[in-house]
Amino acid sequence: MKIKSVRARVFEWKGKTVPPQGNFCSNAMDLVYSNTESMSTFRFHSWTVVEMETDDGIIGLGNVALAPSIAKAIIDQYLTPLVLGQDPWDYEYLWQRMYRATHAWGRKGVTMAAISAIDLAIWDILGKSVNKPVFKLLGGRTKEKIPVYYSKLYRTNLEDMQAEAQKYMDEGFTMFKSRFGYGPAHGTKGVAENLKAVAAIREVIGYDNDLMLECYMGWNLEYTKRMLPKLERFEPRWVEEPVIADDIDGYAELNQLTSIPISGGEHEFSLYGFKQLLDKKAVSVVQYDTNRVGGITAAHKINALCEAYSVPVIPHAGQMHNYHLTMSTLASPMSEYFPMFDVEVGNELFYYIFDGEPVAENGFVQLDDHKPGLGLSMKTEFLDQFNIIE
Ligand SMILES: [Mg+2]
C-alpha cells in the first residue's frame, strides 16, 4: 500500500454565528492593550481537512484547527512531498521525516499541528486497511465506555450559567467545566465576579459532581497566586491553563501552591514538550490535543510517558482523534466533551464538517468496535455554508 495523493482543503464557515460577548472567557490577549475586542481573537471559524488516498483506494481523513490556511500551506509545500509514494505502515519513519525536515522552523505550533493532520490521515488509513478502529491498533478497549465532562459554561449572566448547568446535569453529566470571564485587568471587582460565578455553578451542581475551571491563559502568575487560595473552598477538580504555555516554571510554582491541581498542555507540542512539563511537575493533568501534538504517533508516546509519571491524560476537546487515545490507555480516565451548539467559539465546527463524532449519553461516549479507522466521514449537510479553499 502506497500513499497516492494528499489533498488539504480549508473549510471556512460563512454561516450564522453567535456574536462575541464581552468577558465570555479570559484569554492571553486580555493582558495586552488593544483597541479591538479581545474576544475577537478567541474565535476559530475555519478548519483544514486532509484527505489522503492510497493506491488501493482507501481514503484517510485528518484535520487541523490551528491557523488553518498556514497549516494547509505547510502541508502542500513541505509535508505532502515527504509522504507521497510511501507506505503508511511506516508511520514512525514518516513522522520523523516530517518532524526533522521542518525542524529548523517547525517543532511546535502550527507546523506540529500540520504534521498531526497528516499523521491522523495515515492512522485512519491503517485502521481502514485492516478493518479495525484505530483504538484497536493502539492497545484496544481499556474501558467499557468513555466518561466525558461537559465543557462550555462560558461566562455570561449567572442565571443563564446556572440554567445551563442544570440542563446538562439533567442529561446525566456529572462533571462540568466553566470559563472565567475576568483577569488581572479587571482588578478586585473582577476577582469577586470570578468567585461569584464559581459559587453560582456549585450552587446548582453541588459537591458530588466535579467542577473544572478554565482560564485559557488569561491570567498571570501574580493574579493566579491571588486567586488559587480563594478558589480552594470550591474544591475544583483542576484549574486549567492559568498562564501562557511558555511559562513552565510558573505552572510548576502554581501546581505546588495549593491543593488545587493545575492542568495544561493544550498548547504544548511533541514528546519533548510534555517531558519538560512532567519533569518539572508543572501540571497534574495533561491535556494535549491529538490534532496539535503530533498526531496519534506522538500522542501514543505521550500516553506512555504520562503513565510512567502517574499523571492522567485528559485530552483537549473530545473529538474522534482524541477519543481513540483515551479508549486505548489506562493513563487516560476520561475526555472533554464539547456539546453541539450554534457556531460560536468555533470548536463546534467539528460537528458541521464531519459525521461520526459520538454524542454523549448520560455523561459517556461510546466507540464502535466495528467501525474502521477513526470513524469519521465528510458531512454534506452544511457544505453550502462553507467557503472551501483548495
Ligand atoms: Mg482548555
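Trainee: Which domains does the domain assignment of the protein chain give?

Mentor: This is a predicted model, in which local features need pLDDT of at least 70, side-chain atom pairs count only at pLDDT 80 or more, and totals for chains, interfaces and linings use all residues. Residues are numbered from 1 along each chain as its sequence is written. Domain bounds come from an automatic or database domain assignment. For the protein chain, that assignment gives domain 1 (3-131) and domain 2 (136-380).

Trainee: Which element gives the largest share of the side of domain 1 that touches domain 2?

Mentor: Two residues are in contact if their C-beta atoms, placed from the backbone, lie within 7 Å. The contact takes 45 residues from domain 1 and 41 residues from domain 2. Helices (H or I, at least four residues) and strands (E, at least two) are DSSP runs, numbered from the N terminus. On the side of domain 1, the largest share, 12 residues, comes from helix 3.

Trainee: How is helix 3 oriented relative to helix 11: roughly parallel or roughly perpendicular?

Mentor: Axes are lines fitted to C-alpha atoms, for helices over the stretch in contact, and angles run from 0 to 180 degrees between N-to-C directions. Helix 3 and helix 11 (residues 295-309) pack at an angle of about 95°, with their axes 6 Å apart. Angles under 35 degrees count as roughly parallel, over 145 as roughly antiparallel, 65 to 115 as roughly perpendicular and the rest as oblique. Therefore helix 3 is, relative to helix 11, roughly perpendicular.

Trainee: Where does helix 1 bend?

Mentor: The bend at a residue is the angle between axes fitted to the seven residues ending there and the seven starting there. Helix 1 covers residues 68-83, and its bend is about 45°. The place of this bend is Ile75.

Trainee: Is Gln319 buried or exposed?

Mentor: Gln319 lies in the loop between helix 11 and helix 12 (320-327), and its phi is positive, about 70°, although it is not a glycine. A residue is buried if 20 or more other C-beta atoms lie within 10 Å of its own, exposed if 12 or fewer, and partly exposed in between, with C-beta atoms placed from the backbone. Because Gln319 has 26 other C-beta atoms within 10 Å, it is buried.
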